[in-house]
Amino acid sequence: MTAFIGIGSRGGLRSFGGTQFAQVNRWCTTWFKRDLIHFSQALTMRFNGANMVLRLISEDRLLVRMQIFQAGTRIASIAFRIDPQQQRAFLSWTVLTPATQRTGAFKHILQNLLLVLRDCGITRISLVASLSHGGYVWAIYGFVPETAGQWARLAGVLRRKLLAIASELKPAELDAVQKLVASPDRLALRALAGSAIPVRDTTLGKHLLMGTEWKGELDFSDGPSVLIYLKRIGVVP
Amino acid sequence: MTKKSAPTVGDFVTAAYVAPKRARATEIAPADRSRPKSPRARRPIKFIPMEELMLSDLEANSNFVSLPTEEIERIAQIFGLSSEDVAALYAPRI
């Protein structure tokens with residue numbers, strides 16, 4: 001119950017098929033305003049090719065899994081869901097080969113994704129910031145906790161971590177950080193993530209957020225968050 | 001460094017030159033089965049989460065980790081941070 005499509009170099013169609021091909025193509029025409037080939041080509045821009053598996057789940061939600069190739073080698077895999085009726089997308093996971101470091105490949109993937117999501121009328125991207133680096137990195141990339149409840153839960157974790165290093169901070173620093181952790185405003189996460197207070201050979205923001213897990217979102221209607229994200233992924237200099 | 005041994009006459013006798021024995025089907029060697037795969041093909045592709053690459057990209061330019069000035073000002077306004085608080089929290093010292 002899927003559709004699949006293979007895009008070769010220069011965006012050429014290499015293969016396609018699957019029992020849901022017609023339905024997925026119709027989905028693209030309805031929400032993306034162009035057909036499935038254009039949808040796939042937009043996600044493959046600046047890469048040599050891709051294999052994609054697409055599936056419609058519960059009405060109008062589209063699940064996409066994609067393998068990305070560069071010079072004949074698979075360099076990345078990504079999975080995401082698009083829910084155009086709710087104007088939301090969910091970034092499930094993305095992995096790349098270590099060889100893509102310093103090539104900017106992950107930025108190109110995120111740029112392509114952003115363009116496609118924008119054309120599908122998506123207004124917010126959500127994800128689970130987790131693993132060892134995600135809790136810190138996504139906060140620095142402009143994501144904030146999805147709900148006040150999510151922030152309250154994370155704040156509890158951060159408060160415990162802060163207690164363990166309280167003696168290493170100056171009173172004024174500790175005061176300012178405690179004020180942020182105690183705030184009900186979920187933007188406090190970004191304020192903490194960006195903190196440059198040196199702690200244990202790193203920054204306070206990184207020390208507190210590395211290894212944490214929280215459900216985050218990037219709301220396109222929040223100008224400052226979007227600007228941070230666009231700068232981080234290289235759309236805006 | 002290893003050197004290939006010189007071919008012997010036997011190496012030049014290929015199946016094409018050998019007539020099939022009577023009442024016995026010609027044996028067909030499976031294609032490429034004996035040929036070892038290249039080291040590149042044998043090596044499994046290792047993937048790492050994108051977050052690791054995002055972090056190393058951030059750390060490649062330490063100034064890039066800090067928040068934009070406008071955002072620091074906005075945060076200070078929202079949370080009522082004084083200029084001393086802002087200096088303590090966001091002055092790039094690493």
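This is a predicted model: local features need pLDDT of at least 70, side-chain atom pairs count only at pLDDT 80 or more; totals for chains, interfaces and linings use all residues.
Author: Two strands count as paired if DSSP finds at least two bridges between them.

Reader: How many bridges join strand S1 and strand S3 of chain A, and in which sense do they pair?

Author: Strand S1 (residues 3–7) and strand S3 (residues 49–57) of chain A pair over five bridges, in the antiparallel sense.

Reader: Over how many bridges do S3(A) and S4(A) pair?

Author: S3(A) pairs with strand S4 (residues 61–70) of chain A over nine bridges, again antiparallel. One facing couple is A:Asn51 and A:Gln67, the latter in S4(A). S3(A) and S4(A) form a hairpin with three residues between the strands, and A:Ser58 in this hairpin has a positive phi near 40°.

Reader: Which residues other than glycine have a positive phi?

Author: Among them are A:Leu131, with phi near 60°, and A:Asp201, with phi of about 65°. A:Leu131 belongs to helix H4 (residues 131–140) of chain A. A:Asp201 lies in the loop between strand S9 (198–199) and strand S10 (202–203) of chain A.

Reader: Is A:Asp201 buried or exposed?

Author: Exposed means over 50% relative accessible area. A:Asp201 has 84% relative accessibility, so it counts as exposed.

Reader: What span should helix H6 of chain A have?

Author: H6(A) covers residues 171–182, and its twelve residues at 1.5 Å each should span 16 Å. The C-alpha atoms at its ends are 16 Å apart, which agrees.

Reader: Which residues of H6(A) are buried, and where do they sit around the axis?

Author: An α-helix has 3.6 residues a turn, so residues three or four places apart point the same way. In H6(A) the buried residues are A:Glu173, A:Leu174, A:Ala176, A:Val177, A:Leu180 and A:Val181. They cover an arc of only 165° around the axis, so they lie on the same side of H6(A). A:Pro171 and A:Ala182, on the other side of H6(A), are exposed.

Reader: What covers the buried residues of H6(A)?

Author: The cover includes helix H5 (148–165), helix H7 (188–193) and helix H8 (204–209) of chain A. From chain B, it includes helix H5 (69–79) and helix H6 (83–90).

Reader: How many helices and strands does chain B have, and in what order do the elements run?

Author: Chain B has six helices and one strand, in the order α-α-β-α-α-α-α from the N terminus. Of its 94 residues, 22% are buried. Chain B exposes about 7,800 Å², with 56% of that supplied by carbon and sulfur atoms.

How values were computed:
Residues are numbered from 1 along each chain as its sequence is written. Chains are lettered from A and ligands numbered from 1 in the order in which they are written. Side-chain values use heavy atoms; hydrogens and water are left out. Helices (H or I, at least four residues) and strands (E, at least two) are DSSP runs, numbered from the N terminus. Buried means under 20% relative accessible area, exposed over 50%, partly exposed in between (1.4 Å probe, protein chains only). Accessible areas come from the Shrake-Rupley method with a 1.4 Å probe; for residues, only the protein chains shown count as cover. The expected span of a helix is 1.5 Å times one less than its number of residues. The arc is that of the directions from the helix axis to the C-beta atoms. Contact means heavy atoms within 4.5 Å.
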